[in-house]
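Hello! Here are some notes to read with the model open beside you.

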Amino acid sequence: MPIHERLESVYAEVLARNPGETEFHQAVREVLESIGPAVGKHPQYADAKIVSRICEPERQIIFRVPWEDDRGEIHINRGFRMEFNSALGPYKGGLRFHPSVYLGIVKFLGFEQVFKNALTGLPIGGGKGGSDFDPKGKSDREIMRFCQSFMTELHRHIGEYTDVPAGDIGVGSREIGYLFGQYKRITNRYESGVLTGKGLIYGGARVRTEATGYGTAFFVNEMLAARGDSFEGKTVVVSGSGNVAIYAIEKVHQLGGRVVACSDSSGYVVDEKGIDLEVLKEIKEVRRERISAYADAVSHARYVEGQQVWSVPCDVAMPCATQNEITGKEAETLVRNGCTVVAEGANMPTTPEGVRLFQEAGVAFGPGKAANAGGVATSALEMQQNASRDSWSFEYTEDRLEDIMRDIHTRCLETADEYGMPGNYVAGANIAAYTRVADAMLALGLV
Ligand SMILES: NC(=O)C1=CN([C@@H]2O[C@H](COP(=O)(O)OP(=O)(O)OC[C@H]3O[C@@H](n4cnc5c(N)ncnc54)[C@H](O)[C@@H]3O)[C@@H](O)[C@H]2O)C=CC1
Ligand SMILES: O=C(O)CCC(=O)C(=O)O
């Protein structure tokens with residue numbers, strides 16, 4: 001059967017097995033559209049049905065999470081852990097707490113994670129998890145009770161050599177602390193390597209908090225350098241104002257760019273002088289307030305309610321909020337306004353139509369599985385430190401992160417060149433990651 005037809009039939013299988021899971025379909029489609037040349041070059045992959053196997057999670061865990069609010073009312077949420085692929089190492093990937101979480105979201109995130117983790121070159125498989133729990137408006141004690149209940153079930157599925165969760169949307173160092181505390185209590189084991197993103201005081205790694213945002217900015221720096229350019233004098237727009245966005249903004253400023261706008265799910269703020277990070281961190285990390293508070297605190301900034309940030313003109317766009325936030329419409333606006341580089345700090349923030357429009361317009365487009373891999377890579381460095389009971393300096397860890405991002409960038413471009421698609425970061429990332437996972441799966445036999 002011709003390769004194109006074989007990949008189409010795998011996609012049809014994925015649709016039939018995972019009905020209604022549109023985000024997962026989208027993530028699979030993008031990979032299948034890229035890897036044809038690699039499948040053609042390596043007939044041994046077809047014989048072992050690697051493509052079909054890679055699209056099927058190794059294990060899917062769904063569980064009940066009962067918890068009690070401050071008024072004594074009982075709530076039932078649903079918990080998930082998608083153990084997608086462990087050919088390269090223990091399942092590794094974050095936990096997302098957001099009301100939109102369902103099977104299709106954790107499956108797409110787990111699938112993306114397999115490829116992203118492979119690109120880091122580190123020994124980590126791919127997984128993801130979370131819950132449809134909404135942390136917004138919950139008290140600290142409610143968050144703690146929810147995390148304890150979530151871990152009471154999750155603990156039997158994870159471990160330093162099995163599956164190592166971390167944070168994602170709605171899960172930061174506070175939640176990781178409560179999750180780790182409950183794991184330790186239930187298992188009676190101080191197993192530092194079971195979770196990453198921990199606080200520095202109990203086994204966390206320096207730079208993990210900053211890593212995803214910093215890594216994305218390092219990746220953009222490489223994209224600009226590949227075009228003979230730099231951040232100097234560049235105007236940048238970042239979506240979101242959470243963990244990834246805040247540290248992307250910090251590193252862009254350190255590298256000479258100026259971030260003039262950022263957002264949250266209620267709207268966006270514009271600050272032509274450059275986002276003031278001290279103010280932003282106080283609002284988002286300490287007071288946990290809406291982004292409008294930024295315009296209250298900074299007199300020359302303006303707040304736009306209920307709209308996306310992409311109409312603000314920029315040279316570089318860094319979507320760092322959530323999936324499918326740049327559709328064809330937003331991509332057209334960005335291109336029209338002169339944007340030349342887009343790098344995804346979030347997972348799959350650009351729809352397929354958006355990606356196509358960027359590529360047709362000659363915009364350098366860095367997909368999330370390459371551009372935001374710095375977070376999980378630094379989690380793998382945290383696992384290394386936990387395994388050796390060591391703690392590295394900020395400078396040393398940041399240098400390692402920068403090297404990893406440079407290597408990923410090089411691997412994407414070299415692979416794209418090798419397969420005749422120069423400059424295509426999407427194809428380069430998908431093929432480089434796919435061949436690494438496929439080779440490991442072949443070596444491990446039919447398991
Ligand atoms: N935290 C990490 O280490 C990594 C996170 N990611 C991805 O980065 C993205 C952001 O994650 P975090 O910063 O960790 O989460 P977070 O919970 O710290 O922040 C999420 C931000 O996105 C905003 N947001 C959510 N929906 C939005 C919408 N519809 N429009 C505008 N803003 C919206 C929220 O208001 C918040 O500012 C997600 O796609 C996540 O999967 C990717 C790699 C690693
Ligand atoms: O550090 C980790 O394991 C989680 C990172 C993550 O969830 C992601 O890369 O999307």
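1. A word on the source before we start. This is a predicted model, in which local features need pLDDT of at least 70 and side-chain atom pairs count only at pLDDT 80 or more, while totals for chains, interfaces and linings use all residues. Residues are numbered from 1 along each chain as its sequence is written, and chains are lettered from A and ligands numbered from 1 in the order in which they are written.

2. Domains. The chain is assigned domain 1 (59–208) and domain 2 (209–366), with bounds that come from an automatic or database domain assignment. Their C-alpha centres are 26 Å apart. Eight residues from domain 1 and seven residues from domain 2 make the contact, where two residues count as in contact if their C-beta atoms, placed from the backbone, lie within 7 Å. On the domain 1 side, α6 provides the largest share, three residues. Helices (H or I, at least four residues) and strands (E, at least two) are DSSP runs, numbered from the N terminus.

3. The five-stranded sheet. This open sheet has the order β1-β2-β4-β3-β5 and mixed pairing; strands pair if DSSP finds at least two bridges between them. β1 (59–68) and β5 (163–166) are the edge strands, each with a single partner, so one side of each has no neighbour in the sheet. Ignoring direction, neighbouring strands are turned by 20° against each other on average. β3 and β5 run parallel and are joined by four bridges, and G93 stands opposite P165 in β5.

4. The seven-stranded sheet. Here the order is β9-β8-β7-β6-β10-β11-β12, again an open sheet with mixed pairing. Its edges are β9 (302–305) and β12 (364–366); each has a single partner strand, so one side of each is left without a neighbour in the sheet. From one strand to the next, the twist averages 15°. Strand β6 (residues 235–239) runs parallel to strand β7 (residues 258–264), and three bridges join them. V237 has A261 as its bridge partner in β7.

5. A helix pair. α2 (residues 22–34) packs against α6 (residues 103–119) at an angle of about 25°, with the axes 6 Å apart; axes are lines fitted to C-alpha atoms, for helices over the stretch in contact, and angles run from 0 to 180 degrees between N-to-C directions. The two helices are therefore roughly parallel, a term for angles under 35 degrees. Their contact residues divide into eight nonpolar, three polar and three charged. In this count Ala, Val, Leu, Ile, Met, Phe, Trp, Tyr, Cys and Pro are nonpolar, Asp, Glu, Lys and Arg are charged, and the others, Gly among them, are polar.

6. Ligand 1. Which residues are closest to ligand 1? They are G240, G242, D264, A346 and G375, out of 25 that surround ligand 1; a residue counts as near if its C-beta atom, placed from the backbone, lies within 6 Å. α10 gives the most to this shell, three residues. The shell holds six nonpolar, 16 polar and three charged residues. Both domain 1 and domain 2 contribute residues, so ligand 1 lies between them.

7. Ligand 2. The residues around ligand 2 include K92, G93, Q113, K116, D168 and G375. β3 (91–97), α6 and α16 (374–387) each supply at least two residues of this shell, which divides into two nonpolar, seven polar and three charged.

How values were computed:
Angles under 35 degrees count as roughly parallel, over 145 as roughly antiparallel, 65 to 115 as roughly perpendicular and the rest as oblique.
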